[in-house]
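Here is a short walk through one structure. Keep the sequence and the 3D view side by side as you read.

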Amino acid sequence: MKFSRSVFILLALAGSSLAQGANFAYPLDGDTLVAESNISIRIDRPTPSAPVVEAGIGLGMSACSSDSCPSPETSFKYLFYAGGFNPQRPAQVNPGDDFNAFQNFTVTVPSIEGKAVLGFLHSSFGEGADAYFPFFESVNITVNVVPA
Ligand SMILES: *[C@@H]1O[C@H](CO)[C@@H](O)[C@H](O)[C@H]1NC(C)=O
Ligand SMILES: *[C@@H]1O[C@H](CO)[C@@H](O)[C@H](O)[C@H]1NC(C)=O
Ligand SMILES: *[C@@H]1O[C@H](CO)[C@@H](O)[C@H](O)[C@H]1NC(C)=O
């Protein structure tokens, strides 16, 4: 099979982009959270296939209306954190544990009730052989907030 150089570069970029992605390890989509409680939000960054320079992350939440949830790309009603992202591997991993590099963010669940979107915006740079490749993503889950 013969790939043109540009197709090859696109595939390589798509691959490196995917490999830089982060995700919620806790809570998970569909989880129930208690308003006004303190929780540790755990964001995992699975090992990238190539070296990555982390840039930053913005983490927040918005209540959903009956028919839609605000996108993290548009607004956050509650901004929990905005700053550097520094995922670290767990110091110790037992069989069955989550072994991904992660960062915990302790937040207080807002006093809202019902469906809410929890999301983050994340950016990093993949280190290529002769350049850095910027990567951006918006990740969200939907949670259900119940009164304390
Ligand atoms: C949550 O954390 C804040 C800040 O550390 C603290 O003041 C508050 O009492 C905690 N709330 C609960 C319900 O533990
Ligand atoms: C990070 O948060 C998760 C989920 O709340 C928790 O299970 C874990 O113990 C926390 N780890 C550290 C090191 O704080
Ligand atoms: C949440 O993420 C999904 C993709 O996982 C996307 O389809 C959806 O539009 C996002 N929702 C919001 C409110 O941004």
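**A strand residue, a ring pair and a ligand**

The side chain of Q103 reaches the backbone nitrogen of N86 at 2.7 Å. This is a predicted model, where local features need pLDDT of at least 70, side-chain atom pairs count only at pLDDT 80 or more, and totals for chains, interfaces and linings use all residues. Residues are numbered from 1 along each chain as its sequence is written, chains are lettered from A and ligands numbered from 1 in the order written, and side-chain values use heavy atoms, without hydrogens and water.

Q103 sits in strand β6 (residues 101-108); strands are DSSP E runs of at least two residues, numbered from the N terminus. Q103 is buried, because its relative accessibility is 17% (buried means under 20%, exposed over 50%, partly exposed in between, with a 1.4 Å probe and protein chains only). Beyond four places in sequence, its contacts (heavy atoms within 4.5 Å) include I41, R42, I43 and Y81.

Now the rings. The structure holds 2 aromatic pairs (ring centres within 6.5 Å; planes under 30 degrees apart are stacked, over 60 edge-to-face, the rest tilted). Y81 and F105 have ring centres 4.7 Å apart and planes at 50 degrees, so this pair is tilted. Y81 lies in strand β5 (residues 78-83) and F105 in strand β6, so the pair ties together parts 24 residues apart in sequence. F105 is buried, at 5% relative accessible area. Y81 counts as partly exposed, at 24%.

Turn to ligand 3. The residues around it (a heavy atom within 4 Å) are C69, P70, S71, P72 and N140.

How values were computed: Helix = DSSP H or I, 4+ residues; strand = E, 2+ residues; numbered from the N terminus. Polar contact = N/O pair within 3.5 Å; in protein donor to acceptor, adjacent residues only side chain to side chain. Phe/Tyr/Trp six-rings, centres within 6.5 Å; stacked < 30°, edge-to-face > 60°.
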